[in-house]
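Me: Could you walk me through reading strand pairing in a model, and then the surroundings of a ligand?
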Amino acid sequence: MTKKLFAGAEFLVTDPNPADIFTPEDFTEEHRLIRDTARDFVKDDIEPNAERIDAKEEGVALGLFAKAGELGLLGTDVPEEYGGLGLDKVSTTIVTEAFGNSGSFAGLHGAHTGIGTLPIVWFGTEAHKQKYLAKLASGEWIGAYCLTESGSGSDALAAKAKAVLSADGKHYILNGEKIFITNAGWANTFVVYAKVDGDKFTGFLIEAGTPGLTTGREEHKLGMHGSSTRTVILEDVKVPVENVLYEVGKGHKIAFNVLNIGRWKLGAGSLGGAKGAINGSIQYAKQRIQFDRPIASFGMIRAKIADMTMRTYAAESAVYRLAGMLDDRMATLSAQDKKNGEKLAKAVEEYAVECSIAKVLGSEVLSYCCDEYVQILGGYGYITEYPAERYYRDSRINRIWEGTNEINRMLIPGTILRRAMEGRVNLLGAAQAVAKELIEFSPMGVQIPDEPLGLQGHCVKMMKKIALMLAGLAAQKYGPKLSEEQEILAGLADTVMDIFAAESAVLRTRKIIATVGADKAKGQIAATELFIDTTLPILEQRGKRLLTHMEKGDMLRTQLAGLRKLAKYQPIDAIDRSRIVADLVTERECYPF
Ligand SMILES: Cc1cc2nc3c(=O)[nH]c(=O)nc-3n(C[C@H](O)[C@H](O)[C@H](O)COP(=O)(O)OP(=O)(O)OC[C@H]3O[C@@H](n4cnc5c(N)ncnc54)[C@H](O)[C@@H]3O)c2cc1C
């Protein structure tokens, strides 16, 4: 349990203490145990079989899947009474992170444990839970989730699949086609969305083998070659009315709330892949000799390693902070509430903004790391016998599924502003306070605390003021038409993401310093300093771009002057900090934190 129960998006208007957030350094013995089990399984069982999995060799992926089930690695989110482990969200994050480094297998594992199983955990009836959950948690059965159609991807509610109640009222007859469905070739249960009477978007549970449900051929994909992705075809599929998931017309509650979880989990999985890329990069760079030296000794390679590491550190800090927030919120629910899908979904929805941040931040850090992994391997990075090429291809999907990064970038400011209007976050009051304060504000009058990360803590506060200034102005300028100003929304989303990541890194490192002292936290301090040094100038530049579009003339000049004051920053010796981080990775031959 962390100490303060934060509201979603509240980080923008509060100044949390390090002790208030969860960090990987807070893992319990149980957390470490499950981490070691999951990591060992990926290293000893999945990695040696990566090529066979990608070649879809008969029985390999499914055999390993069954073994993952035996180890309890499929049931962290399934309550114990239904055959799962019923663990906390931190444990799920840990397991998901480990599988994030398992290539194609991550697709099978992620879709099964997340979108394939959670709709039943949350919204299934007692009979559904009794019938399906133990089988899904043990790996005896595999789950799939069918939302996307050819005409409705991002715009999921525009689905055309139809459900019509039979004359005797006992069945719904489903017709339609779902595309790009992960696990479709293997699944025993399909959560399918269709519209009852053409307009009531509804979730249905359909078992494989039900007449009329068939799957198309395997899709040929850029990456994730070992995962199954197919079209699911529904032709007069008779689904008993008992198999409606939750309520007719409330499918969107299932679909969107489960996606919140999917987004946080995707952030967690991305960490595993990013760390895998860092580990592969440093191990290769240390043994690859050019110009009579290991390439790991070249400054440009070292800077790449440091950059990958500090970005991953920030994303990791953000994702585990979110996991702690989810656990804290879950802890406020009674045993009865924990069986109520609406209440569970509401608890998670509180952090919809942070879940979207985890998704976009994680997937983009992963992409960055995999790209640099290829580069560090040079020509070998482009050759399929070396794993970098696979990492590069496999990572790409993460910016597309679980809501594309564009859709999530719209959701972040859209949700924050909606909550501000509802009075759930005091954004408008805080934005007005910043606007007033700016008139008098002078960076010369600011006392930066003389302590490790004193400057960076100050920068995070200023970053928040910049976000409030931009969001306040955008809301005032465009009102409800802001949703049409996508470039502004994306700029606001990026600003908010930068803040959550930067603050999470600062708070985490401060917490580490409080425990072990600044001397033993040199690497984390350097990584945090480097992250702020990289992020703040970009945030300022982005702010200029948004302001220049929103204001003109004297007002623009005033706003730009305000921005300059808030973003005033004495740069640190970033090359020095980069070398500290690179040294640590080189010495440990892996992601060091
Ligand atoms: C390998 C794989 C596995 C998948 N697994 C599943 C699964 O198990 N179940 C499932 O239901 N689906 C699954 N999907 C589908 C996936 O979730 C969708 O592909 C994704 O949501 C995007 O939808 P789309 O492909 O129709 O793209 P579109 O929605 O057509 O988007 C195309 C581009 O336009 C952008 N765009 C769309 N709308 C807007 C907007 N309003 N503003 C700005 N930009 C916009 C998008 O960001 C994107 O860049 C999978 C896809 C793949 C490739």
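Predicted model: local features only at pLDDT ≥ 70, side-chain atom pairs only at ≥ 80, totals over all residues.

Me: How many bridges does S1 make with S4?
Reply: Four, again in the parallel sense, with S1 covering residues 143–146. Here Ala144 has Phe190 of S4 as its bridge partner.

Me: What about S5, parallel or antiparallel to S4?
Reply: Antiparallel, with eight bridges between S4 and S5 (residues 200–207). Look for Tyr193 standing opposite Gly203 in S5. The hairpin has three residues between its strands, and Asp197 takes a positive phi near 55° there.

Me: Is S4 mostly covered or mostly open?
Reply: In general, side chains in a regular strand alternate between the two faces of the sheet. For burial, count neighbours: 20 or more other C-beta atoms within 10 Å makes a residue buried. In S4, residues 189–196, seven of the eight residues are buried, so by that count the strand is mostly covered.

Me: Now the ligand. Which residues come nearest?
Reply: Sort the shell by distance, then by element and class. Leu147, Gly153, Ser154, Thr404 and Glu406 come nearest among the 20 residues around the ligand. S1, S3 (171–182) and helix H13 (405–422) each supply at least two shell residues, and S3 gives the most, with three. By class, the shell has eleven nonpolar, seven polar and two charged residues.

How values were computed: Residues numbered from 1 in each chain as written. Buried ≥ 20, exposed ≤ 12 C-beta atoms within 10 Å, placed from the backbone. Pairing = 2+ DSSP bridges. Near = placed C-beta within 6 Å. Nonpolar A, V, L, I, M, F, W, Y, C, P; charged D, E, K, R; others polar.
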